[in-house]
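Keep the sequence and the 3D view open as you read.

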Amino acid sequence: TRRPAANSVVRPDFKFEDLGIGGLDTEFSDIFRRAFASRIVPPGLAQKMGIQHVRGILLYGPPGTGKTLIARQIGKMLNAREPKVINGPEVLNKYVGQSEENIRKLFADAEKEQKEKGDESGLHIIIFDELDAVCKQRGSGAGGGTGVGDSVVNQLLSKLDGVEQLNNILLIGMTNRKDMIDEALLRSGRLEVHMEISLPDEHGRQQILKIHTTVMRQNGKLAPDVDLAQLAHQTRNFSGAELSGLVRSASSFALQRYIKGGTVAALADNVAEMQLHMSDFLRALE
Ligand code: ATP
């Protein structure tokens, strides 16, 4: 029997709805088509067809729009192990002098497994948040002119271009400033698929609110007067992170109504009765 290589197979039971990402259906299916469709092809066949998997993608857009969420969920969809997460400013501050070594280490597990298992290797995902921080903008050195940023970028490039093609690596770069990203990193064979993740529209906002109130709804904690469509209408320019903040804030207003005098035990009984009403959301909005 043929054992499909984990690094080349999208989970067969994959469903977009399970990912808990609101309002990004188009973006997600676009990334899928451009970056992962090749991973549906069984490895042996992929080799025969000369298919080379995309090894790097760049997600860019305003803060709190779900870039990290998408990056992590891509890992789940592709059945990859827990992603390694690294953050630009952290690399520059914490690892001065040994930044190259740290980048090398990021890739070491994947290289080792590729050597040992070839196409049978699992997929290794590296999430590089705030990638702009290590990129040198023409003229001004990142990392306070220490050249640390340069060496990080060079090390990334050499890993992505390596003599031995790493089929089991997916580097996901993230930034709020695409214009700051070193162009060399964005070329073909490197972070070659670029996807803008922008603020959600009204429909997206409603989906996100729905996702973040799912558990409450399932447990009868959401009063029937809560109108997510209206809230979505009233939250223009909110990011996903801000919508999730809105739900948290509404919960805390609801909670306040149930915290009355008496013993702690009585309090717990009260709180068990708690329900969120539209008025809690409207207060939170204010
Ligand atoms: P940053 O650029 O600041 O790193 P980001 O784009 O990576 O932001 P996330 O960290 O993915 O944003 O979003 C923060 C939180 O906001 C998520 O963990 C999630 O709870 C919520 N969120 C953001 N966007 C969405 C979305 N589209 N659907 C559901 N939840 C979302």
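**Around the ligand, then into the sheet**

Let's begin with three helices: α3 (67-77), α8 (202-212) and α11 (240-258) each supply at least two residues of the shell around the ligand. Helices here are DSSP runs of H or I with at least four residues, strands are runs of E with at least two, and both are numbered from the N terminus. This is a predicted model, where local features need pLDDT of at least 70 and side-chain atom pairs pLDDT 80 or more, while totals for chains, interfaces and linings use all residues. Residues are numbered from 1 along each chain as its sequence is written, and side-chain values use heavy atoms, without hydrogens and water.

With 3 residues, α3 gives the most to the shell. Of the 17 residues around the ligand (a heavy atom within 4 Å), Gly 22, Gly 64, Lys 67, Thr 68 and His 212 come nearest.

Now look at the polar contacts (pairs of N or O atoms within 3.5 Å). A polar side-chain atom of His 212 lies 2.9 Å from a ligand nitrogen. Ligand oxygen atoms are found 3.1 Å from a backbone N or O atom of Thr 65 and 3.4 Å from a polar backbone atom of Ala 241. The protein buries 77% of the 630 Å² that the ligand exposes when taken alone (Shrake-Rupley method, 1.4 Å probe).

Strand β1 (residues 56-60) runs parallel to β4, joined by 5 bridges, and Tyr 60 has Thr 175 as its bridge partner.

Key:
A polar contact is a pair of N or O atoms within 3.5 Å; within protein, one must be able to donate a hydrogen and the other to accept it, and residues adjacent in sequence count only if both atoms are side-chain atoms. Two strands pair if DSSP finds at least two bridges between them.
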